Amino acid sequence: MWGGQNRAARRMQFRTLSTGSATVTVRRGRHVVHRFTLRRTGLRVHHLRLRAGRLPRGLHRITFSARSGRVREARSVVSRKL
């Protein structure tokens with residue numbers, strides 16, 4: 001959970017095993033509310049922060065998508081903003 005009275009930011013981190021590009025998409029329902037794009041990813045941990053700000057309350061689906069050559073991988077998590 002994130003948001004609330006303190007407007008806590010949602011912190012995210014991920015790591016890729018090869019060099020390529022990555023996209024992190026935040027959706028509420030069908031609407032994309034934020035998108036992070038990383039051109040070069042390597043063998044390191046990437047830290048991202050999504051500010052609570054004026055984003056709407058409710059369930060947000062965060063999709064991590066990475067591509068290296070022809071290989072593409074994607075994972076999703078769901079988080080609730082208060």
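**Pocket lining and sheet arrangement in the predicted model**

Four strands each supply at least two residues of the lining of the largest pocket: strand E1 (10-15), strand E2 (20-28), strand E5 (58-68) and strand E6 (71-81). Strands are DSSP runs (E, at least two residues; helices are H or I, at least four), numbered from the N terminus. The structure is a predicted model, in which local features need pLDDT of at least 70, side-chain atom pairs count only at pLDDT 80 or more, and totals for chains, interfaces and linings use all residues. Residues are numbered from 1 along each chain as its sequence is written, and side-chain values use heavy atoms, with hydrogens and water left out.

The largest pocket has a volume of about 270 Å³. Among the 22 residues lining this pocket, Thr16, Ser65, Ala66, Arg67 and Glu73 are the closest to its centre. On a 1 Å grid over the protein atoms alone, a pocket is an open set of points where a 1.4 Å probe fits, with protein on both sides within 12 Å along at least five of seven lines; lining residues have an atom within 4 Å of a point. Grid points are joined across faces, edges and corners, and the volume is the space filled by probe spheres set on the points. The lining comprises eight nonpolar, nine polar and five charged residues, where Ala, Val, Leu, Ile, Met, Phe, Trp, Tyr, Cys and Pro count as nonpolar, Asp, Glu, Lys and Arg as charged, and the others, Gly among them, as polar.

An open sheet of four strands, with antiparallel pairing, has the order E3-E2-E5-E6. Strand E3 (31-41) and E6 each have a single partner strand and stand at the edges, so one side of each lacks a neighbour in the sheet. Two strands pair if DSSP finds at least two bridges between them. E2 and E5 run antiparallel and are joined by seven bridges; Thr23 stands opposite Ser65 in E5. Antiparallel pairing of E5 and E6 extends over 11 bridges, and Ile62 stands opposite Val77 in E6. E5 and E6 form a hairpin with two residues between them, and Gly69 in the turn has a positive phi of about 65 degrees.

One salt bridge is counted, the criterion being a side-chain nitrogen of Lys or Arg within 4 Å of a carboxyl oxygen of Asp or Glu. Arg75 forms a salt bridge with Glu73, with the closest N and O atoms 2.9 Å apart. Arg75 is exposed, at a relative accessible area of 55%, whereas Glu73 is partly exposed at 42% (buried, under 20%; exposed, over 50%; partly exposed, in between; 1.4 Å probe, protein chains only).
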